[in-house]
Amino acid sequence: SPSLNPETLSRIEGLIARLGSPDWATRESATRELGAFGYLARPVLQRELAATDDPEVERRLERVLSGLN
């Protein structure tokens, strides 16, 4: 399976960080952008889901993961 280059990994991690933003629009756009990465993002999303203690971030990561092929 294709692996993430450091630039893409950094982009995904930055978007995940924005899932916890106090701004709803920021959280929404980050959620949509993460979904656009597709299955490539899955390992990173799963790792962050296991690590987070923020219910909002958890909910959004689950939403993105459930939408991936």
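1. Basis. The model is predicted: local features need pLDDT of at least 70 and side-chain atom pairs count only at pLDDT 80 or more, while totals for chains, interfaces and linings use all residues. Residues are numbered from 1 along each chain as its sequence is written, and side-chain values use heavy atoms, with hydrogens and water left out.

2. The core. The largest nonpolar core has 14 residues, of which I12, I16, L19, L34, L45 and L61 touch the most other members. Such a core is a set of buried Ala, Val, Leu, Ile, Met, Phe, Trp, Tyr and Cys residues joined through side-chain atoms within 4.5 Å. Two or more residues of this core come from each of α1 (6-18), α2 (24-37), α3 (42-51) and α4 (55-67); α4 gives the most, with 4 residues. Helices are DSSP runs (H or I, at least four residues), numbered from the N terminus.

3. I12. This residue of helix α1 is buried, because its relative accessible area is 0% (buried means under 20%, with a 1.4 Å probe and protein chains only). Neighbours within four places in sequence aside, I12 is in contact (heavy atoms within 4.5 Å) with L4, L34, F37, A41 and V44. I12 and A30, 18 residues apart in sequence, are separated by 9.1 Å from C-alpha to C-alpha.

4. α1 with α2. These helices pack at about 145 degrees with axes 8 Å apart; axes are lines fitted to C-alpha atoms over the stretch in contact, and angles run from 0 to 180 degrees between N-to-C directions. The crossing is left-handed, that is, the near helix is turned anticlockwise from the far one by less than a right angle. On α1 the contact involves T8, R11, I12, L15, I16 and R18, and on α2 T26, R27, S29, A30, E33, L34 and F37. By class there are 6 nonpolar, 3 polar and 4 charged residues (Ala, Val, Leu, Ile, Met, Phe, Trp, Tyr, Cys and Pro count as nonpolar, Asp, Glu, Lys and Arg as charged, the others, Gly among them, as polar).

5. α3 with α4. Here the packing angle is about 155 degrees and the axes are 10 Å apart, which means that α3 is roughly antiparallel to α4 (angles over 145 degrees). The crossing of α3 and α4 is left-handed. R42, L45, Q46, E48 and L49 of α3 meet E58, L61, E62, V64 and L65 of α4, a set of 5 nonpolar, 1 polar and 4 charged residues.

6. L61. Neighbours within four places in sequence aside, L61 is in contact with I16, L19, L45, E48 and L49.

Note on methods: Buried < 20%, exposed > 50% of the residue type's maximum accessible area, 1.4 Å probe, protein only. Parallel < 35°, antiparallel > 145°, perpendicular 65-115°, else oblique.
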